[in-house]
Amino acid sequence: MRTPFQHFALRLFKFSWLFLFVLPGNASDKISLDQYLTKIDIADTFNKRKKGLMFKKSIPGDYGMFFIWNSSKIQCMWMKNTFVPLSVAYIDSQGKIIDIYDMVPLSKASICSSKPLPYALEVNKDWFNDNNINIGDTIDLKNILKK
């Protein structure tokens with residue numbers, strides 16, 4: 001038969017494993033885009049979102065356009081009149097990347113988010129892969145939303 005102390009120590013030991021192995025696996029640091037992108041344009045009006053990166057022949061590797069909608073809904077983008085190959089990340093209200101898609105220049109096909117959300121980030125194609133930023137990572141929205 002265990003003493004109350006042995007019972008307590010065993011339960012504490014089991015509970016410690018939760019903190020050591022389970023919780024750190026779910027926690028991640030927020031990604032500050034300022035570390036990766038020296039220029040981030042904000043598209044927060046209908047006209048800015050509509051124009052996006054149309055008619056640009058190229059964009060620097062450290063450039064991104066951050067799209068902000070007034071409400072969370074399924075968001076869709078296309079590449080009409082856009083000559084630069086791009087990747088887009090759809091981002092939820094907490095900053096979590098929900099989807100990442102590569103976009104084909106001049107395509108009129110709509111590329112839509114898989115669930116309702118208020119943000120997206122467009123960058124050069126393969127930028128997310130090159131910077132090891134993936135679906136499930138979280139973007140720090142504070143600095144972006146201040147702009």
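This report walks through the sheet, the disulfide and a few individual residues of a predicted model.

## Ground rules

The model is predicted, so local features need pLDDT of at least 70 and side-chain atom pairs count only at pLDDT 80 or more, while totals for chains, interfaces and linings use all residues. Residues are numbered from 1 along each chain as its sequence is written, and side-chain values use heavy atoms, with hydrogens and water left out.

## The sheet

Let's start with the strands (DSSP runs of E, at least two residues; helices are runs of H or I, at least four residues; both are numbered from the N terminus). An open, mixed sheet is built from 5 strands, in the order β1-β2-β7-β4-β5. Its edges are β1 (39-43) and β5 (97-103), each of which pairs on one side only. Going from one strand to the next, the twist averages 20 degrees. Angles like this run from 0 to 180 degrees between N-to-C directions, with axes as lines fitted to C-alpha atoms, for helices over the stretch in contact.

Pairing here takes at least two DSSP bridges between two strands. Strand β2 (residues 63-73) and β7 run antiparallel, joined by 6 bridges. Lys-73 sits opposite Leu-117 of β7. As background, strands of a sheet pair through backbone hydrogen bonds, either parallel or antiparallel.

## Asn-124 in β7

Strand β7 covers residues 117-124, and Asn-124 is part of it. Is Asn-124 buried or exposed? Asn-124 has a relative accessible area of 17%, so it counts as buried (under 20%; exposed is over 50% and partly exposed is in between, with a 1.4 Å probe and protein chains only).

Leaving aside residues up to four places away in sequence, Asn-124 touches Ile-59, Pro-60, Gly-61, Val-84, Pro-85, Leu-86 and Ser-87. A contact means heavy atoms within 4.5 Å.

## The disulfide

There's 1 disulfide in the structure, meaning a pair of cysteine sulfur atoms within 2.5 Å. The partners are Cys-76 and Cys-112, with their sulfur atoms 1.9 Å apart. The link is right-handed, with 105 degrees about the S-S bond. It ties together distant parts of the chain, 36 residues apart: Cys-76 in β3 (residues 76-77) and Cys-112 in β6 (residues 111-112).

Cys-76 is partly exposed at 39% relative accessibility, and Cys-112 is partly exposed at 28%.

## Two positive phi values

Asn-81, in the loop between β3 and β4 (86-91), has a positive phi near 60 degrees despite not being a glycine. At 27% relative accessibility, Asn-81 is partly exposed.

Asp-126 isn't a glycine either, and its phi is positive at about 75 degrees. Asp-126 lies in the loop between β7 and α3 (127-130) and is partly exposed, at 30% relative accessible area.
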